[in-house]
Amino acid sequence: MRGDTFISSLEDGRRVWLEGQQVKNISEHAAFKGTLSTIRQLFNMLDDPLQREQVGYVPEGQERYAHSSFLIPHTAAELNKRSQSFAVWSSSTNGMMSRLSDYARSMVTGWYAARHELSDLDPQFADKISTYYHEARDRDLFLTTAIIDPQIDRSSGLDDQRIAERFLHVVKETSEGIVVRGAKMIATGAPYTHDFLIFSFLQFQTRHQKHAHVLIVPANSPGLHIVCRESFADARERNHPLSARYDEMDAVLFSMMS
């Protein structure tokens, strides 16, 4: 079932750090194992004939169910179907997990729905987001965001070299794409995600163009390090029923290329 496929897909060379040590096997680590078991059950709902209508829909031209966070609503019934899918996942986790990928998936769905309008700003946007939307939907990609800049003194802004170097920025452009360096936070669900949606809330001046970007970054990207906070999980599930199963985990992302 797709829950097992999800778990195995996380062994992709990503660099996850916890308490100063790199985690080699996420699915077996005590800090992540219980939460991953919970997410596995959620993903498996899409393969369960008794539950899949509550959390999913069949895209046009497809036979396999997709999560309703990818559904573009055109009617009140479709809007309600999206809402129901979120409510089922929330109820299944006792309201303890607010970053279960459905919200970040909804961002991608919104960008895709508005792709023609947004192409006024970038003529290639419609093609790029169409390709990614269908990939994310059909491959059951877990998505999360990293949109907060490091919590340091921001009083002098990006004109301060110390701040500019720590905030995520473009270092150079190559024929294969861009190279970035810096940090982003707070990436909730970072160890479990396939891709990060990365952008900033800053208002940019023309001279700060290297800090103005919107990125979709695979979790196993070269040079990307996922540095987790301390774990709230506890392997003793009987005495710690919530933290053992529902620690979403937050992380700071560092992009460093030699």
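Residues are numbered from 1 along each chain as its sequence is written, and side-chain values use heavy atoms, with hydrogens and water left out. Because the model is predicted, local features need pLDDT of at least 70 and side-chain atom pairs count only at pLDDT 80 or more, while totals for chains, interfaces and linings use all residues.

## Helix packing

Two packed helices are described by the angle between their axes and the distance between the axes. Here axes are lines fitted to C-alpha atoms, for helices over the stretch in contact, and angles run from 0 to 180 degrees between N-to-C directions. Helices (H or I, at least four residues) and strands (E, at least two) are DSSP runs, numbered from the N terminus.

| Helix pair | Axes come within | Crossing angle |
|---|---|---|
| H1 and H2 | 7 Å | roughly 135 degrees |
| H4 and H5 | 11 Å | roughly 160 degrees |

The angle between H1 and H2 makes H1 oblique to H2. In this scheme, angles under 35 degrees count as roughly parallel, over 145 as roughly antiparallel, 65 to 115 as roughly perpendicular and the rest as oblique. The crossing of H1 and H2 is right-handed, a term for a near helix turned clockwise from the far one by less than a right angle, with anticlockwise giving left-handed. H1 contributes Arg-2, Gly-3, Asp-4, Phe-6 and Ile-7 to the contact, and H2 contributes Leu-36, Ile-39, Arg-40, Phe-43 and Asn-44; contact means heavy atoms within 4.5 Å. By class, five nonpolar, two polar and three charged residues make up the contact of H1 with H2. Ala, Val, Leu, Ile, Met, Phe, Trp, Tyr, Cys and Pro count as nonpolar, Asp, Glu, Lys and Arg as charged, and the others, Gly among them, as polar.

For helix H4 (residues 76-92) and helix H5 (residues 102-113), the axes cross at roughly 160 degrees, which makes H4 roughly antiparallel to H5. The crossing of H4 and H5 is also right-handed. Arg-82, Phe-86 and Trp-89 of H4 meet Asp-102, Arg-105, Ser-106 and Thr-109 of H5. The contact of H4 with H5 has two nonpolar, two polar and three charged residues.

## Nonpolar cores

A nonpolar core is a set of buried Ala, Val, Leu, Ile, Met, Phe, Trp, Tyr and Cys residues joined through side-chain atoms within 4.5 Å. Buried means under 20% relative accessible area, exposed over 50%, and partly exposed in between (1.4 Å probe, protein chains only). The largest nonpolar core has 41 residues, of which Phe-6, Phe-32, Phe-196 and Ile-226 touch the most other members. Elements giving two or more residues to this core include helix H1 (2-9), helix H2 (30-44), H4 and strand S10 (224-228). H2 supplies the largest share of this core, six residues. Apart from this core lies another, of 16 residues, among them Ala-66, Ile-129, Tyr-133 and Leu-141.

Beyond residues up to four places away in sequence, Phe-32 touches Val-16, Leu-18, Val-23, Ile-26, Pro-191, Tyr-192, Cys-228 and Met-249.

## Backbone features

Met-249 lies in the loop between helix H9 (243-246) and S11. Its phi is near 70 degrees, a positive value in a residue other than glycine. Met-249 is buried, with a relative accessible area of 0%.

Glu-19, in the loop between S1 and strand S2 (21-23), has a positive phi of about 55 degrees although it is not a glycine. Glu-19 is exposed, at a relative accessible area of 66%.

The peptide bond from Met-185 to Ile-186 is cis, with omega near -15 degrees. Ile-186 is found in the loop between strand S7 (177-184) and S8.

Val-108 belongs to helix H5 and is buried, with a relative accessible area of 0%. Leaving aside neighbours within four places in sequence, Val-108 is in contact with Ile-129, Tyr-132, Tyr-133, Leu-143 and Leu-197. Val-108 and Ser-69 are 39 residues apart in sequence, with their C-alpha atoms 9.3 Å apart in space.

Gln-54 is found in helix H3 (residues 52-55) and counts as partly exposed at 35% relative accessibility. Not counting residues up to four places away in sequence, Gln-54 touches Gln-84, Ser-85 and Val-88.
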